Amino acid sequence: MRIAHLADLHLGYRAYHRVNQRGMNVREADVAEAFRQAVARVIELRPDLVLVAGDVFHTVRPSNTAIADAFRQFSLMADRLPGVPIVVIAGNHDTPRSADTGNILNLFREIDGVRVVCDECRTLKLEELETSVWCEPHVASFTEDPPRREPDPSARHNLMMLHGILVGPRGAEKLTYISEYGGANIDESSIRWPEWDYIALGHHHSCQEIERNAWYAGGLERTSTNIWAEKEEKGFLVYDTEARQAEFHAVETRTMVDLPKISAREMTPAELDEAILRAVSRVEDGLRGKIVRLLAFDVPRGVVRELNHKRIRDWKAEAVHFHLDVRPPEIRRRAGSGAPVRRQTLREQVGGFLEHRWEIQDRRVERPRLVELGTRYVDRTTEEG
Ligand SMILES: [Mn+2]
């Protein structure tokens, strides 16, 4: 049996306040386009089964455009692959905090051939394939006691699909960055790995083998909290249960360029400007249509002020996103090992997390206010000892 395994589509994701000719956020359009490509490719590949391991949508309330687009693509896939079951579970992004909000993924139940599991663990029996799929959506994993994950003895093939972050030696070794906060922790020892023909994982945004029979498919576009950690190609997997082998199928994504870092120590503004210009000119065919980052370390505030901001603004206008990430000199202190390190204070960690990492799902929350409140609470606990 050949299984197409997709995950973390994040349809409706938006970033950078940049719109295309049709008035659509450029990144939202990119994500939709990556999914279109993936669907077209899945249709060509004619798998026996399609698994979508959570985070179909980036938010609990995606835009109408994102919903309509997703519905169209799932309908197309179901229509072109008659008799091929398409099984979808909810991830942390498309699971509302309150049960009475209802899950938008349930809409896809209207499509013949699509099955959706949002609210609890369920074993789906796919008679035509003599296969059972243990479906474990985010809410079901997000509990203190892990569910008892049992293969179905009456099935020829037993598959498992879940969405979360593996906690244990495999996760520690193989999940090298945090895709996103807010995922369920899945204790590796609660899974009896060899008992399953395939384990389709979602949540980690890079394609990653965990065991020979267990993979994260990774996302189709770069939508992690820190996209710069997603250097690899994006796409989906086709797993063959007989050969016990996974094949990766890449999709085309927006070009992302992370320029070599500049160490600006002792540089004058003119020298740093020159170094920045040199770095940016190295981008082949210019910045247009690209997401570009340039990191410069050890830049004092006074130097930042005197940089050529007009030119930087032009680059920002040209690229889809140009991020000149200028960092001030760090206060260093010697640690026991002799290496110069500076540990962040708890206040800085909390502030940084809320400022850059925490994904605000509720529009009423203002980020500056959130950061202010978070750091104030830290201060208060410190004061109270
Ligand atoms: Mn995700």
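**View 1. Ala200 and its bridge partner in strand β12.** In β12, Trp215 is the bridge partner of Ala200, in a predicted model whose residues are numbered from 1 along each chain as its sequence is written. Local features need pLDDT of at least 70 and side-chain atom pairs count only at pLDDT 80 or more, while totals for chains, interfaces and linings use all residues, and side-chain values use heavy atoms, with hydrogens and water left out. Strand β10 (residues 198-202) and strand β12 (residues 214-216) pair in the parallel sense over three bridges, where pairing requires that DSSP finds at least two bridges between two strands. Helices (H or I, at least four residues) and strands (E, at least two) are DSSP runs, numbered from the N terminus. Both strands belong to an open sheet of six strands in the order β5-β6-β7-β10-β12-β11, with mixed pairing. The edge strands of this sheet, each pairing on one side only, are β5 (122-126) and β11 (208-211). Neighbouring strands here are turned by 20° against each other on average, direction ignored.

**View 2. The sheet that holds β2, β3 and β13.** A further open sheet of six strands, with mixed pairing, has the order β4-β3-β2-β1-β13-β14. Its edge strands are β4 and β14, each of which pairs on one side only, and the twist averages 20° from one strand to the next. Within this sheet β2 and β3 run parallel and are joined by four bridges, and the bridge partner of Val50 in β3 is Ile86. β13 and strand β14 (residues 245-250) pair in the antiparallel sense over six bridges, with Gln245 in β14 as the bridge partner of Asp240. The hairpin of β13 and β14 has four residues between the strands, and in this hairpin Arg244 takes a positive phi near 55°.

**View 3. Helix α2 against the sheet.** Helix α2 lies across β2, β3 and β4 and runs at about 150° to β3; axes are lines fitted to C-alpha atoms, for helices over the stretch in contact, and angles run from 0 to 180 degrees between N-to-C directions. The buried residues of α2 are Ala66, Ile67, Asp69, Ala70, Gln73, Phe74, Met77 and Ala78, and they pack against α1, β2, β3 and β4. Buried means under 20% relative accessible area, exposed over 50%, and partly exposed in between (1.4 Å probe, protein chains only). The 17 residues of α2 should span 24 Å at 1.5 Å a residue, which agrees with end C-alpha atoms that are 24 Å apart; the expected span is 1.5 Å times one less than the number of residues.

View 4. Leaving aside neighbours within four places in sequence, Val50 is in contact with Ala4, Leu6, Val42, Met77, Leu81, Val84, Pro85, Ile86 and Val87, contact meaning heavy atoms within 4.5 Å.

**View 5. Glu230 in the loop between β12 and β13.** Glu230 lies in the loop between β12 and β13 and counts as buried because its relative accessible area is 0%. Apart from neighbours within four places in sequence, Glu230 is in contact with Tyr177, His205, Ser206, Glu221, Arg222, Thr223, Ser224 and Met256.

**View 6. Two loop residues with positive phi.** Most residues other than glycine have a negative phi. Tyr16, in the loop between β1 and α1, has a positive phi near 70° and is partly exposed at 23% relative accessibility. Asp285, in the loop between α5 (269-281) and β17 (291-297), has a positive phi near 65° and is exposed at 76% relative accessibility.
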